[in-house]
Amino acid sequence: MKFPTLSPLFAAASLALGLSTPALAQGTAGTSAVCQATSEQQVAALFDRWNASLRTLDPDKVVANYAPDGVLLPTVSNQPRTSPAEIRDYFVKFLKSEPQGTIDKRLIKIGCNVAQDVGTYTFRFKDGQSVKARYTYVYEWENGQWLIAHHHSSAMPEAMASAK
C-alpha cells in the first residue's frame, strides 16, 4: 500500500495548527479533555477567594469553594470531612472564632485541570490568638470553575512540641 506524501507546506501548517489548539490530556475514562489554562497568580487567588469567604462568616459560602466530592482534613478537628454536609459542620464551628489566614510561604504546581498550592500559613482569630499551620490545597477544574478537591491543614509540629 502506498501512502501519499505530505507537502512541506501542508506539514508545517498542520504542525502550527496543532500547536495553536488547546492542550489535550487523557481523561480517566479514556476520553480526551481540554486542559484549562491557569497561572500561579490565578491559583494563589483561589486561596484569597476561600479566605474572603471566611470573612463572610457564612459556612455555605465557604463550602461553595469545595468540589461536591471534596475532602477536608482540618486543623482543629480529628475527623476527616468527606461530604459538603461534613465540611459545612466544621466551618459552622470554626467560623465562630472569626479566622483569617495569611500565607507565609507557598509552592504552586499546575497540571492539566489540577493545581496544587502547598505551604505554610498563619491564622489569626478574634480573641487575638494565632496558629501557624501547614497546608495543601488541591484544586480541580470542574463545571467551569476551580474547586477544592482536597484541603489538608495541620498545626506546625514544632509549635505543638514547644507548647508542652
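Let me start with a term: buried means under 20% relative accessible area. Keep that in mind. What you see here is a predicted model.

Let's begin with helix H2. It covers residues 40-55, 16 residues in total. From its first C-alpha to its last it reaches 23 Å, close to the expected 22 Å. Its buried residues include Val43, Leu46, Phe47, Trp50 and Leu54. After H2 comes Leu57, with a positive phi near 60 degrees.

Now two of those H2 residues, Phe47 and Trp50.

Phe47 first. Its ring centre is 6.0 Å from that of Tyr137, and the planes sit at 70 degrees, so this pair is edge-to-face. The two are 90 residues apart: Phe47 in helix H2, Tyr137 in strand S6. Are they buried or exposed? Both Phe47 and Tyr137 are buried.

Next, Trp50. It pairs with Phe91, centres 6.2 Å apart, planes at 70 degrees, so again edge-to-face. Phe91 belongs to helix H4, and 41 residues separate the pair. Trp50 is buried, at 1% relative accessible area. Phe91 is buried too, at 1%.

Step back to the wider picture. How many aromatic pairs are there? The count is 17. Ring pairs link a cluster that includes Phe47, Trp50, Phe91, Tyr121 and Tyr137.

Last topic: the disulfide. The structure holds one. It joins Cys35 to Cys112, with 1.9 Å from S to S. The link is left-handed, at -100 degrees about the S-S bond. Cys35 lies in the loop between strand S2 and H2, Cys112 in the loop between strands S4 and S5, 77 residues apart. Cys112 is partly exposed, at 30% relative accessibility.

Key. Residues are numbered from 1 along each chain as its sequence is written. This is a predicted model: local features need pLDDT of at least 70, side-chain atom pairs count only at pLDDT 80 or more; totals for chains, interfaces and linings use all residues. Side-chain values use heavy atoms; hydrogens and water are left out. Helices (H or I, at least four residues) and strands (E, at least two) are DSSP runs, numbered from the N terminus. The expected span of a helix is 1.5 Å times one less than its number of residues. Buried means under 20% relative accessible area, exposed over 50%, partly exposed in between (1.4 Å probe, protein chains only). A disulfide is a pair of cysteine sulfur atoms within 2.5 Å. Rings of Phe, Tyr and Trp (its six-membered ring) pair if their centres lie within 6.5 Å; planes under 30 degrees apart count as stacked, over 60 as edge-to-face and the rest as tilted.
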